[in-house]
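User: I have not looked at this one before. Can you walk me through it?

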Amino acid sequence: MFLIGHGAVGALLATRLTENPVAAFGIGWLSHYLVDFFPHGDESLGAWAKKKHEILRLFFLFAIDGALLLSTLFWIFYRQGFSWVILAGAAGSIVPDVMWGLEKLFHKKIFGRADVFHNRNHNFFHISMPLWVGLVGQAIVTVAVWGMV
């Protein structure tokens, strides 16, 4: 799932379950694994990145996705005022992907078995779908969830 979708779910769950930013960060982090359980149709982007200049292509995708997440957070804070809980929930939700990205970048297992757990949960049901289906599905979920934050 894209970071903007993970951020939405992490922020929503955090705001519903706690007022503590530290707990919100943990809730966001855990939410990442729950959301990754479900197929999200972006696997073809990973295959595209592996074809050539993998790190550069992954950084390109991360930059766009990260910019969308930051823009959405700024929009939420503009509308509702700043919230440490929303920020912490969204930040925690992207930690597993940041950890994965750092290991890719440095070509080294930095975080031990965390990557094994992350990969095991990612698309647990092994259902493939076209990229456009995944993008539309993620967009609908993301907009709906951010609307509830």
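Analyst: This is a predicted model. One place to begin is Arg 79, whose charged end sits over the ring of Trp 75, 4.5 Å from the centre of that ring.

User: OK, aromatics then. How many aromatic pairs does a search of the whole structure find?

Analyst: The search finds 8 aromatic pairs. One of them joins Phe 25 and Trp 29 in an edge-to-face arrangement, with 6.0 Å centre to centre and 85° between the planes.

User: Why are Phe 25 and Trp 29 separated by about one helical turn?

Analyst: Because they are 4 residues apart in helix H2. Phe 25 counts as partly exposed, since its relative accessibility is 30%. Trp 29 also counts as partly exposed, at 30% relative accessibility.

User: And what about Phe 38 and Phe 125, what kind of aromatic pair do they form?

Analyst: Phe 38 and Phe 125 form a tilted pair, 6.4 Å centre to centre and with 40° between the planes. This pair links distant parts of the chain, 87 residues apart: Phe 38 is in the loop between H2 and H3, and Phe 125 is in the loop between H6 and H7. Phe 125 has a relative accessible area of 44%, so it is partly exposed.

User: Switching to pockets. What volume does the largest pocket have?

Analyst: About 930 Å³. Its lining has 30 residues, and those nearest the centre of the pocket are Leu 58, Leu 61, Asp 97, Trp 100 and Gly 101.

User: Which helices supply at least two residues each to that lining?

Analyst: H1, H2 (21-36), H3 (43-51), H4 (54-80), H5 and H6 each do. By class, the lining of the largest pocket has 14 nonpolar, 8 polar and 8 charged residues.

User: And the second largest pocket, how much space lies in it?

Analyst: About 330 Å³ of space lies in the second largest pocket. There are 14 lining residues, with Phe 2, Ile 4, Asp 65, Leu 68 and Leu 135 nearest the centre.

User: Which helix gives the most to that lining?

Analyst: H7 does, with 6 residues. H7 spans 131-148, and both H4 and H7 supply at least two residues of this lining. By class, the second largest pocket is lined by 10 nonpolar, 3 polar and 1 charged residues.

User: You mentioned Ile 4. Where is it found, and is it buried or exposed?

Analyst: Ile 4 is in helix H1, which covers residues 3-17. Ile 4 counts as buried because its relative accessibility is 16%, and the cut-off for buried is under 20%.

User: What does Ile 4 touch, not counting residues up to four places away in sequence?

Analyst: Ile 4 touches Asp 65, Leu 68, Leu 69, Thr 72, Thr 142 and Trp 146. Of these, Asp 65 and Leu 68 are also among the residues nearest the centre of the second largest pocket.

User: Now cavities. How many of 30 Å³ or more does the search find?

Analyst: The search of the whole structure finds 1.

User: Which residues line it?

Analyst: The lining is made up of Tyr 33, Pro 96, Met 99, Trp 100, Glu 103, Phe 111, Ala 114, Asp 115 and His 118. H5 (84-106) and H6 (114-121) each supply at least two of the lining residues, and the largest share, 4 residues, comes from H5. By class, the cavity lining has 6 nonpolar, 1 polar and 2 charged residues.

User: Last topic, the backbone. What is phi of His 53 near?

Analyst: Phi of His 53 is near 50°, a positive value in a residue other than glycine. Most residues other than glycine have a negative phi. His 53 is in the loop between H3 and H4, and it is exposed because its relative accessible area is 52%.

User: And where does His 107 lie?

Analyst: His 107 lies in the loop between H5 and H6. Phi of His 107 is near 50°, again a positive value in a residue other than glycine. At 68% relative accessibility, His 107 counts as exposed.

Conventions:
Residues are numbered from 1 along each chain as its sequence is written. This is a predicted model: local features need pLDDT of at least 70, side-chain atom pairs count only at pLDDT 80 or more; totals for chains, interfaces and linings use all residues. Side-chain values use heavy atoms; hydrogens and water are left out. On a 1 Å grid over the protein atoms alone, a cavity is a set of points where a 1.4 Å probe fits but cannot get out, and a pocket is an open set with protein on both sides within 12 Å along at least five of seven lines; lining residues have an atom within 4 Å of a point. Grid points are joined across faces, edges and corners, and a volume is the space filled by probe spheres set on the points. Ala, Val, Leu, Ile, Met, Phe, Trp, Tyr, Cys and Pro count as nonpolar, Asp, Glu, Lys and Arg as charged, and the others, Gly among them, as polar. Buried means under 20% relative accessible area, exposed over 50%, partly exposed in between (1.4 Å probe, protein chains only). Contact means heavy atoms within 4.5 Å. Rings of Phe, Tyr and Trp (its six-membered ring) pair if their centres lie within 6.5 Å; planes under 30 degrees apart count as stacked, over 60 as edge-to-face and the rest as tilted. A charge sits over a ring if NZ of Lys or CZ of Arg is within 6 Å of the ring centre and within 35 degrees of the ring normal.
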